[in-house]
Number of protein chains: 2
Amino acid sequence: MTAPLLTEIDHVAIAVEDLDAAIAYYAETFGTTVEHRERVDSDGVEEALLKVADSYIQLLTPTTSSSPVAAFLERRGEGLHHVGYRVDDCAVALRSVQDSGGRVIDETPRPGSRGTTVAFVHPRGAHGTLIELVQE
Amino acid sequence: MTAPLLTEIDHVAIAVEDLDAAIAYYAETFGTTVEHRERVDSDGVEEALLKVADSYIQLLTPTTSSSPVAAFLERRGEGLHHVGYRVDDCAVALRSVQDSGGRVIDETPRPGSRGTTVAFVHPRGAHGTLIELVQE
C-alpha cells in the first residue's frame, strides 16, 4: 500500500485564449477574484489564480507560440489543461510515480509559480491526465 | 459585483475506459482510496470518488454506448472531463450563470450522485470548460 500523498487539489488549470476575458467571466459569473497573477517565462505562460477555499482555478494563456499551452489551444481549443495536486514532498511523490511505473515529464522537482516546487507527470501512464505535483 | 458563489472544488472528473484499472492506478501511485462508488443510470456512467482533503477525484466510465462520456472517450480518449464546484445553493448559482449570459445544460437543478443537487453549465460560453455546480 502507498501512503496517502495528495493533501489537496491545489488547482485545476484551464487553458484560455484571453486571460483578462476569462478572469472577467469567472468574476462576473461566480464572484471570484484574482489572488495571484504571474508570467512564467520558462513555461511560456501567464497565469491567474482564482482562490476557491484552499484551492485555485488556474487560468493559463500562452505568451509565446512555442508554448505547450499554445499547442494545446490549437489542437483542442480552450478548456481543462491539467490538474495540480498538493503534496508534502514533491520528490517523494515523484518517486512514487516512477516506482509505480508511471512516466514523468520532470525527472526531478523544479521551481513552479508563486514559489512552489513542482513536477509534471505525463498523461500517458496516468489515464490521460496531465498531473502536476505541487509542494508549497 | 457577484458575491462569491464557489465554496470548494468539489471534484475533478476524469473519463476512463476501465474504472477498476484507474482506481488501482491512483491507489498504487498516490495512496488514494475509494470513498464512494455509484452507478448513475440517468447519466449512463459509473463513478468512483477518491477523497483528497475536502474534494474528490471523480473517475467516470460510461455504462452505455449512448453515454456522453462514451462519446468523449471516442473523441478525445481518457482524460479530464469536467470540474465540479461546490455551491451553497445550486439554483442561485445557476441563475447567476444565466444572468451573466452563460449557456446552461440543465435549466433547473436536478439530482446528482451521492444525494447532491447539481446543474451543468455548457462549455460554450464558459471558456471551453464543462462546469458542474454541486450542492451537497
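**Ground rules.** I noted that this is a predicted model, where local features need pLDDT of at least 70, side-chain atom pairs count only at pLDDT 80 or more, and totals for chains, interfaces and linings use all residues. Residues are numbered from 1 along each chain as its sequence is written, chains are lettered from A and ligands numbered from 1 in the order in which they are written, and side-chain values use heavy atoms, with hydrogens and water left out.

**Terms.** Strands (E, at least two residues) and helices (H or I, at least four) are DSSP runs numbered from the N terminus. Two strands pair if DSSP finds at least two bridges between them.

**The sheet.** I traced an open sheet of eight strands in chain B, with mixed pairing and the order 2-3-4-1-5-8-7-6. Strand 2 (34-40) and strand 6 (110-111) of chain B are at the edges with a single partner strand each, so one side of each has no neighbour in the sheet.

**Around strand 3.** Next I checked the other partner, strand 2 of chain B: six bridges join it to strand 3 (residues 45-52) of chain B, and the two run antiparallel. Across this pair, His36(B) stands opposite Leu49(B), and Val34(B) has Leu50(B) as its bridge partner. The hairpin of strands 2 and 3 of chain B has four residues between them, and Gly44(B) in the turn has a positive phi of about 65°.

On the strand 4 side of chain B, Ala48(B) faces Leu59(B). That hairpin has two residues between the strands, and Ala53(B) takes a positive phi near 55°. I also looked at burial (buried means under 20% relative accessible area with a 1.4 Å probe, protein chains only). Strand 3 of chain B is mostly covered, with six of its eight residues buried.

Notes:
Buried means under 20% relative accessible area, exposed over 50%, partly exposed in between (1.4 Å probe, protein chains only).
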